[in-house]
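Visitor: Could you walk me through this model?
Guide: Gladly! Let's look at it together and take your questions one at a time.

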Amino acid sequence: MKRWVLGMRDAFSEVLYNIAKKDKRVMLVTSDTGAICHDKFRESLPHQYLNVGIAEQNMVGVAAGLALAGKLAYVYALIPFATMRCYEQIRVDLCCMGLTVTVVGVGAGYDYSTLGPTHHGTEDITLMRALPGMSIFSPSDSIMVEAIARLSYKLPGPKYIRLDRTGTPLIYRGIKENFTKGAAVLKRGADLCIIATGRMVYNALKVSDELAKHSVKATVVDLYRIEPLNEELILNAINKFDFIVTMEEHFLRGGIGTLINELLVKNGKRCLVKNFGIPDKFCRQYDGKREYLQALMGLDVKSVSDTLIRMIKK
Amino acid sequence: MKRRMRKEINIYALKKKANWVRNKVLDMGIKAGAAHLAPAFSCTDILVALYHGGILRFNPKNPKWKSRDRFILSKGQAAIALYAVLADLKFFPVSELNSFTRAGSRLGGHAENTVPGVEAFTGSLGNGLSIAAGLALAAKIDNKDYATLALLGDGECQEGSIWEAAMLASHHKLGNLTAIIDNNGLSAIDFIDKYINLDPLADKWRAFGWDVKIVDGHAFKEIIPALKDVRSRKSGKPLAIIAKTVKGRGVSFMENNPIWHYRIPVGKEIKSAKKELLFKYNQEGQR
């Protein structure tokens, strides 16, 4: 039972360690990040562990070279540094060449709630989604993280995995899901459909509980693979709804709200849509609790529930 | 030993080859209507030395041969010259060179790794040395004896990522890694020392833990001996070869003139460029 309380990054590291033990091609490349969670990896598998120092451009470039030599490289850093500081290298070295390198970013949304916008992961989905061939995973709990870590080992091409630093409440305990489909319907209700990703899946489930108190029944979809989007599954899930809601701890511009809106337009579906995400501003507020910052941006359970109830009652 | 090496290298043949490459590059560029001619002419002799001077290990019939040396053209804008060299070696048909950057061609304006013999997709300056370092590191981990070489522009050394890679290479004692810097003193729009001076360039590489050799980048008798032992160097340090070159080398009006970074000769210029590129070396390779 203990393993279920592991945080996302610990869960990921544990699985990667077990894979790397059996496959010498697997290499973990970090930029001076992830000290404790990778301790076992770097002590037991020193020849498969590489700390390039605080040099993310080189981290990705070196990983590209390793991949060209047949290695299966995982680059690991906090989200802003794993995605933005080295965006050029991800774009040209990994995506243009279609190399099998997995970019692991830690600290989705406001996970690093006391560290400010330099350490917030609020643009990564938009940026990674702009790159042809990049697969994007946004797991919602540690059980899924373990599965995605294993899937990433088998999947060729460039990949991005967006992790929370610490544990999120478990969503998939007791649920049979192999995480290959890209999205999972966690709850079924007839009045509206909430599509959420990452940490916001938990909030979406709580929102659905709140709505139920007002006799509003919500379907909740966990969109855990953002690219390539399983359009068929999503369209099937939202088909009968007149009201679709998206939730993400990420800027509204270019995130999963944008993605779903594009899907609706492309398929000529007319319905009411509400996108919850971070509005167009940097969060220069600080608190030990991530939920405090979420609330400031209207992403907490109460704000979302109140907004939805207001919209429904109109 | 030295005498034997000198005997092995047929300077005349190499000069003739380099001249063929320059002529081909000029034709390709004119046909395409756009090309980085001067950057290509700057490193033509280096490329010919690598592929015809007995430096690189490769197999045109099997471009992905596992034991091949890895050559990364980090200054990807010189791809036009690399394509000419590779086609001449039968990695792909010479006739394909006529399709350079034309509709449907795989020969892009920057090094396309879909072209047989091209190791990595480059053109975004500053990326190639990291890739090369990754390849060299993998060789070291896996105990492979291939050498990894990267050809950088000197202006490219203004990119911070070059120095990130330089630190990693020396820290990991990548003696199997060589960076050749095409040191022509010019970048896209100006003389480097006029805006962001790189000198002392050799001292910078030394300070980053590299062995440094300085050669005349147009003299085969200097380039080839400097590169001769890249696969079996005793030093644990990576090797930087600073090749002093002339941008636009071979066509006097292109030489050392910033305007020719991405210009194609037109009208009378074509005639005089071709005239200057007529092969006129004697048996000793002297012009």
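Visitor: How many salt bridges are counted between chain B and chain A?
Guide: Keep in mind that this is a predicted model. A salt bridge here needs a side-chain nitrogen of Lys or Arg within 4 Å of a carboxyl oxygen of Asp or Glu. The side chains of Asp142(B) and Lys71(A) meet in this way, at 2.7 Å from N to O. The count between chain B and chain A is one salt bridge.

Visitor: Which helix gives the most to the side of chain B that touches chain A?
Guide: On that side of chain B, α5 (128-141) and α6 (160-171) each supply at least two residues. The residues there divide into 11 nonpolar, seven polar and three charged. With eight residues, the helix that gives the most is α5(B).

Visitor: Which three residues supply more than any other three of the area that chain B buries against chain A?
Guide: Chain B and chain A bury about 1700 Å² between them, with 63% of it on carbon and sulfur atoms. Of the area that chain B buries against chain A, 28% comes from Phe121(B), Asn127(B) and Glu164(B).

Conventions:
Residues are numbered from 1 along each chain as its sequence is written. Chains are lettered from A and ligands numbered from 1 in the order in which they are written. This is a predicted model: local features need pLDDT of at least 70, side-chain atom pairs count only at pLDDT 80 or more; totals for chains, interfaces and linings use all residues. Side-chain values use heavy atoms; hydrogens and water are left out. Buried area is the accessible area (1.4 Å probe) that two parts lose on being put together, summed over both. Helices (H or I, at least four residues) and strands (E, at least two) are DSSP runs, numbered from the N terminus. Ala, Val, Leu, Ile, Met, Phe, Trp, Tyr, Cys and Pro count as nonpolar, Asp, Glu, Lys and Arg as charged, and the others, Gly among them, as polar.
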